Amino acid sequence: MTTTAPVWDCPFHHTDGLEFDPLLKRLLTEAPIARIRLPHGEGEAWLATRYEDVKVVTTDRRFSRAAGIGRDLPRMTPATIAQAESINLMDPPEHNRLRRLVAQGFTHRQVERMRPATQRIVDGYFDEMEEHGAPADLAHFLSARLPLTTICEVLEIPAQDRDRLRGWAVAMMRMGPGSREGQEEAKAGLRAYFTTLTAERRAHPGEDLISALAAARDGDDLLAADELAVMAMVLLVTGHDTSTYQLSNITYTLLTHPDQLAELRARPDTLPHALEELLRFIPFRQGPGIARVATEDVELGGVLIRAGEAVHVSYLTANRDPAVYERPDELDFDRGAGPVNMAFGHGQHRCLGSHLALMELQVAIGTLLRRFPGLRLAVDPSELDWNSGSIWRFPRTLPVAW
């Protein structure tokens, strides 16, 4: 069993379109349980890259997120993103209690009830895009609008506040020199906003998810004021971030893979399966997310992780693990049923809103392909401007023609 390992310096800042980060590929191949140094935070951490090892870290209670509260753990961003009261940093049983309450707003039935309204919103966006004419920026007409509108409707966020909240959410995810101050200001702004809003909803409840959470009980307990405010903040940020960027990433990937696009057009009923494969294939972020801490000595993949050491996982490499997916670096819509991809995470912290995100993607991408049968990129792929200042990977604009 290995107890020491060479330290890999890992900036994880590969911004060449949606090409898979070659450093992550090397780690998966050469050092699947690696000792790494990230751009921010103190000391070093372990990084698990294989699918099975990621499953262990995300489900074994000896790896704790709550144990990292108050520590300056290795991370990608200058300031920490999650707050101490956030569900993202909770362990069972506290985590289970809060997740049960929140999950009531994201059941399959609840999400399916939203599908007709989502379809009307998407149709309206594409009406505007068609009226504008080609070329048109899909990021402007669709990606930057649909997920934010959907989660704001669920939370009943006033329309006049949405752009400001979106600006704060974007600022929280920035990396690089000079971004820490903006991150801290964004966190403070979001927290203050939702502290006020959740107090109002508790005093004067409506039909929205925040009001439901304010009134929800687990036994005799209500959510505390801080828990409720931070939960609403987390729902807003996580409820639109990934979907926003993946709408553009998925469209770009389809338009640069003509054989797969033709296959999907010929068999539109396979869209749900195709989206799962696209989510597996697309490297949608930079590096790992929130670290866990080993609460005791644990052997993982032949490596001894000591109690108190930080451990990260890479969902991106898990989705490209050749031990799990045959020809993992190929986009294959005929790929047989296999392990669930980890685009939405895994284990107790798997994204609560994954059903909502998938519904949005199905409606938006399905409608896009039906309404614009000649859809194509309006510029050469080499001319696209890719985001390089945050943890997310996506084209800032996506000019399309039809």
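The model is predicted. A search of the whole structure turns up eight aromatic pairs, and one aromatic cluster is made of Tyr245, Phe284, Trp392 and Phe394. The second largest pocket holds about 450 Å³ of space.

**Aromatic pairs around Trp392**

- Tyr245 and Trp392 have ring centres 5.9 Å apart and planes at 35 degrees, so this pair counts as tilted.
- Tyr245 belongs to helix H11 (residues 241–255), while Trp392 is in the loop between strand S12 (376–377) and strand S13 (399–401), so the pair links distant parts of the chain, 147 residues apart.
- Phe284 and Trp392 are stacked, because their planes are at 20 degrees, with ring centres 6.1 Å apart.
- Since Phe284 sits in the loop between helix H13 (271–281) and strand S8 (292–294), and Trp392 in the loop between S12 and S13, this pair ties together parts 108 residues apart in sequence.
- Tyr245 and Trp392 are both buried, and Phe284 is buried too.

**Charges over rings**

- Arg285 places its charged end over the ring of Trp392, 5.8 Å from the centre.
- Lys25 lies over the face of Phe20, 5.4 Å from the ring centre.

**The second largest pocket**

- Sixteen residues line this pocket, and the closest to its centre are Gln110, Met114, Glu153, Val154 and Glu207.
- Helix H4 (108–132), helix H6 (146–155) and helix H9 (209–215) are the elements that each give two or more residues to the lining.
- H4 supplies the largest share, six residues.
- By class, the lining has six nonpolar, six polar and four charged residues.

Technical notes: Residues are numbered from 1 along each chain as its sequence is written. This is a predicted model: local features need pLDDT of at least 70, side-chain atom pairs count only at pLDDT 80 or more; totals for chains, interfaces and linings use all residues. Side-chain values use heavy atoms; hydrogens and water are left out. On a 1 Å grid over the protein atoms alone, a cavity is a set of points where a 1.4 Å probe fits but cannot get out, and a pocket is an open set with protein on both sides within 12 Å along at least five of seven lines; lining residues have an atom within 4 Å of a point. Grid points are joined across faces, edges and corners, and a volume is the space filled by probe spheres set on the points. Helices (H or I, at least four residues) and strands (E, at least two) are DSSP runs, numbered from the N terminus. Ala, Val, Leu, Ile, Met, Phe, Trp, Tyr, Cys and Pro count as nonpolar, Asp, Glu, Lys and Arg as charged, and the others, Gly among them, as polar. Rings of Phe, Tyr and Trp (its six-membered ring) pair if their centres lie within 6.5 Å; planes under 30 degrees apart count as stacked, over 60 as edge-to-face and the rest as tilted. Buried means under 20% relative accessible area, exposed over 50%, partly exposed in between (1.4 Å probe, protein chains only). A charge sits over a ring if NZ of Lys or CZ of Arg is within 6 Å of the ring centre and within 35 degrees of the ring normal.
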